[in-house]
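Walk through this structure one contact at a time. Keep the sequence and the 3D view side by side.

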Amino acid sequence: MAAPENNAKSVRKDCTGCCTRLADFGVKLGDAQILSGINLHSHCGELTAIIGPNGGGKTTLFRAMLGEVPHAGELLFTHADGAKAFGVPRIGYVPQKLELDRTSPISVLDLFAAAISRRPLWLGRGLRIRNEARKALSMAEAEQLLENKLAHLSCGQLQRVLLALALVPMPDILLLDEPVAGVDRAGIAMFYRTVSRLRRDYDISILLISHDLSEVALVADRIVFLNHTILANGMPQEVLSSACVREAFGMDAFLAAKEAPVPRTEDRTNHHLAAILHVSGEACKCGKKHGGNAE
Amino acid sequence: MSYWYELLNQLPLDFLQFDFMKNALLSVILVTPLFALLGCMVINNQLTFFSDAIGHSALTGIAIGTLCGLTDPLWAMALFACVLTLVVCLLRQYSSASTDTIVGLVMAFAVALGVVILSRGGGFIKYSRYLIGDILTITPGEIFRLCVLLALVLLLWLTLYNQLFLASMNRSLARSRGINVWPVELVFSMAVALTVTLSIQWVGLLVINSMLILPAAAARNMARNAVQYTWFAVLFGLLSGLAGLVSSYYWDTAAGATIVLYAMACYLVSLILRRS
C-alpha cells in the first residue's frame, strides 16, 4: 500500500470537499449531436457509474473530458460550495483496451517509462523510473508484472497495470472506461479492491463506465443513465429501478434492480464482490453509503 | 568524403576499389538504421499500408515534377508526399472511415494520376529506374542530404519518441497524459513520407516498404521490450544492408532488392529463434 507522502495532488493540497462538475456539457461530432445538456456533479471520493446503451455517448463523454474531442459547456473542479475553483484538474484515464498484437515488444516498464520519463524510451530506462513504476504498480497489486510484456498479461492484469499508470501522478478525477469487461471474477474483485482503496486514501472522484448492472449496483455511490443526455441520475436502487433503465436493459435490468438492494449480498454466489462492497462502503466519505435505502 | 575514401582504402576488400561502391556503402550505413527506426514506429502505429502508399505515390510526385518542367523531380516528390500525408492525417482525424480505407483510396487515386501523366506518349519506360532503384549512382551531395534526414529523424526520436509511443497504444490514454496526439502523429507521418520519398531512387519503389518493415518485424520476434526492439531493428537493418550491398556487387543484381532478401532472411531466422 502506498504511503500517503506519495500522494502528489495536483490542484488541491488537502481535500476539504471538492467536487467535479460538468455544466451544460455537450459534444457535437460532424452533424451528429452525441451529447447535450449534461449536468453532472460528483464529489471527491465518490464513485459515479455511467450506464447506458452502446452508442449513447459514454466513451465520447470521457474523450471530451480529456480534451480529445471538442465540447460545449464546462468541466469545473471546485470547492463543494462552488465558491472556490481549484483550477484545472488532473485526469487519470484507464482505457478499455490497448492496440497490441501478440508480438508487441512492449513491457510494463516500457509503458511507465514512456509515460513518466522525458528520456526517450529507446535510450533505456533509468533506475528512478523503475522504482517509480514499481511503487505505482504496488498500489494496484501488480508490482510482480514490471518486466512482463503487455501482450502476455491477462485482461485483469493489464487493467491493473493501466490503473496503476493512471495513478502517477495521482489524479483528481479518475475515468474508468469499462475497466473490467472480459476480466474474470477474481480479477474484477482485485481491481475494485484497488479502486476502493484509492477512494478511501486519496479522495479521488471516480467515473466508471460499465455494462454490468449488478457490479455497478455494488460499487457505485451514484448511477447515471446516459443516452445522449442524462435520463436518470441518483442512488443505485433508484436509477436501476427507474422505468427508462428497465426498458433500456430489458429483463436483466429489472431483475438486477429487484435483487440489487445491495446489502443482500449473501444471495450472491460471489463473495469477492461482497468484500468489495464492504470496503467501498467504508470508503465513502460523502455520507452517502449506498447500502442505505433510497429516499 | 575524402576521409571516408581514405578510411576504406585501408581495407583489403576488392569491391571497395571503386568510388561508387564507397558512396553506396556510406549511404547504406545511413539509410538502413534510419529505415529501421521509422519501421519500428510504423508497425507500432499500424501504418505499414500508409508507408507503402507513400512509396507508390512518389510516381505521382515525379509526374507532377516533370509537368512543371523540373529536371530533378525530388522536391516535387517531397512536396507531394507531404500534401498526401496531410490529407491522410486529416481524413483519419475527421472521417469515420478506417485508416486502411482512407489510405487505399488516396493511394489508388495518386498512383492512377501518376501513371496517366507519365505514360502520356508512351514515355513511362524512362521512369522505370524509380521502380527498381540504383544505389550505385548516388553522389556525395545526395549522401549529405541523407545525413541531414537522418539527423532530423534522430532529433524527432529524441524529442517525440515517448509521445508517439503512447499515442500508438491508445490515443485517449496519450491525451490523458497531456499529449497532443494529432500534431505528433502528423510530424511522424511526414518524417516517414519524406524518408521514403528521398530514398526511393536508391532503393526502388517496389521494395522500399519491405526495407522499412522487415527489420522491425524481425526485431519484434526477438525483443522482450521496447529498448531491445529499437536496437535489434537497427542491427538487422545494418546487417542486411551491408550483406545485400556486397552480394549485389558480386552477383550483379539490384542492391535494394538484394538487401530486402537479406532482411527477409533475418526475419525468417528470428521467427525460428522466437522466444515465447
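Which side chains meet in a salt bridge of 2.5 Å, N to O? They belong to Arg199(A) and Asp221(A). The model is a predicted one. Arg199(A) sits in helix α5 (residues 185-202) of chain A, and Asp221(A) in the loop between α6 (213-219) and β8 of chain A, so the pair ties together parts that are 22 residues apart in sequence. Arg199(A) and Asp221(A) are both buried.

Step along to Arg222(A), which lies in strand β8 (residues 222-227) of chain A. Arg222(A) counts as buried because its relative accessible area is 17%, under the 20% cut-off. Its side chain makes a polar contact of 3.0 Å with the side chain of Asn233(A). Gln157(A) is 65 residues from Arg222(A) in sequence, and their C-alpha atoms are 27 Å apart.

Other charged pairs follow. Glu147(A) forms a salt bridge with Arg130(A), with the closest N and O atoms 2.3 Å apart. This pair links distant parts of the chain, 17 residues apart: Glu147(A) is in the loop between α3 (127-139) and α4 of chain A, and Arg130(A) is in helix α3 of chain A. Glu147(A) is partly exposed, at 44% relative accessible area. A network of salt bridges links Glu141(A), Arg193(A) and Arg197(A). Over all chains, the structure holds 13 salt bridges.

Now turn to the interface. Here 38 residues of chain A are in contact with 29 residues of chain B. The two chains bury about 2900 Å² between them, 59% of it on carbon and sulfur atoms. Between chain A and chain B there are 15 residue pairs in polar contact, counting pairs with both residues at pLDDT 80 or more. On chain A, β5 (91-94), α2 (108-116) and α4 (155-166) each supply at least two residues of the side that touches chain B. The largest share, five residues, comes from α2(A). By class, this side of chain A has 21 nonpolar, seven polar and 10 charged residues.

The count of salt bridges between chain A and chain B is one. Arg220(B) and Asp101(A) meet in a salt bridge of 3.0 Å, N to O. It crosses from helix α11 (residues 208-222) of chain B to the loop between β5 and α2 of chain A. Arg220(B) is buried, at 6% relative accessible area, whereas Asp101(A) is partly exposed at 34%.

Finish at a hairpin. Strands β1 (residues 18-29) and β2 (residues 32-43) of chain A run antiparallel, joined by eight bridges. Leu22(A) has Leu40(A) as its bridge partner in β2(A). Two residues separate β1(A) and β2(A), and Gly30(A) in the turn has a positive phi of about 60°.

Notes:
Residues numbered from 1 in each chain as written. Chains lettered and ligands numbered in written order. Predicted model: local features only at pLDDT ≥ 70, side-chain atom pairs only at ≥ 80, totals over all residues. Heavy atoms only, no water. Contact = heavy atoms within 4.5 Å. Buried area = accessible area lost by both parts, 1.4 Å probe. Salt bridge = Lys/Arg side-chain N within 4 Å of Asp/Glu carboxyl O. Polar contact = N/O pair within 3.5 Å; in protein donor to acceptor, adjacent residues only side chain to side chain. Helix = DSSP H or I, 4+ residues; strand = E, 2+ residues; numbered from the N terminus. Nonpolar A, V, L, I, M, F, W, Y, C, P; charged D, E, K, R; others polar. Pairing = 2+ DSSP bridges. Buried < 20%, exposed > 50% of the residue type's maximum accessible area, 1.4 Å probe, protein only.
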